[in-house]
Amino acid sequence: MALKDFMGILKEKTDGLGDVAKAKVNEWLDEYKKAIAVLETFGFTIGNFTVGMGILPEIHTTVCGSIENIREDSLKKIIEEHQAETLLVSLLNALIMARRFWEHMELKLTGVTLNITLGVPPTIKVDIH
């Protein structure tokens, strides 16, 4: 199959996907904005923000702060109050897990960065530095 034929089939199969993708990106951005507002109350800030547009769009971002500012009891209370906000709950649970590992390992490191990919599938990775 020639590349031109393949590209034609791909375009035919993905027509309409652009509108769905745009709607999903807007949904992710709304959730992200709410989550950042909560994380900022704990001293976290956005480190970087990148949008990748392709057949399936992705948002890559980092959120940075001090692991010493992670208070499990406070975060659990927010989780209980915001169960419907899956991104926020996932980020807070990732921070709780990072704090537990940090304490268990008795690390001297004090920085923490959430590496977030909002895409298909979404991912959250935590760096302690």
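**Group meeting talk: a core and a helix pair**

The largest nonpolar core here has 30 residues. Inside this core, L39, F44, V63, L95 and L114 have the most contacts. By nonpolar core I mean a set of buried Ala, Val, Leu, Ile, Met, Phe, Trp, Tyr and Cys residues joined through side-chain atoms within 4.5 Å. Buried means under 20% relative accessible area, exposed means over 50%, and partly exposed lies in between, with a 1.4 Å probe and protein chains only.

Which elements supply this core? At least two residues come from each of α2 (17-40), β2 (58-66), α3, α4 and β3 (111-118). Helix α4 gives the most, with 10 residues. Helices (H or I, at least four residues) and strands (E, at least two) are DSSP runs, numbered from the N terminus.

A word on the source. This is a predicted model, where local features need pLDDT of at least 70 and side-chain atom pairs count only at pLDDT 80 or more, while totals for chains, interfaces and linings use all residues. Residues are numbered from 1 along each chain as its sequence is written, and side-chain values use heavy atoms, with hydrogens and water left out.

Take L39. Leave aside its neighbours within four places in sequence. L39 then contacts F44, V63, L91, L92, L95 and L114. Contact means heavy atoms within 4.5 Å.

Now the helix pair. Helix α3 covers residues 72-81, and helix α4 covers residues 86-105. They pack at an angle of about 160°, with axes 10 Å apart. Axes are lines fitted to C-alpha atoms, for helices over the stretch in contact, and angles run from 0 to 180 degrees between N-to-C directions. So α3 and α4 are roughly antiparallel to each other. The cut-offs: under 35 degrees is roughly parallel, over 145 roughly antiparallel, 65 to 115 roughly perpendicular, and the rest oblique.

Who meets whom? From α3, we have E72, L75, K76, I78 and I79. From α4, we have L88, V89, L92, N93, L95, I96 and R100. The residues of this contact divide into 8 nonpolar, 1 polar and 3 charged.

Also in α3 sits D73. D73 is exposed, at 61% relative accessible area. D73 and I96 are 23 residues apart in sequence, and 9.3 Å apart in space, C-alpha to C-alpha.

Two loops to finish. E106 is in the loop between α4 and β3. Its phi is near 55°, positive in a residue other than glycine. E106 is exposed, at 63%. P121 lies in the loop between β3 and β4 (123-128). The peptide bond from V120 to P121 is cis, with omega near -5°.

Conventions
Nonpolar A, V, L, I, M, F, W, Y, C, P; charged D, E, K, R; others polar.
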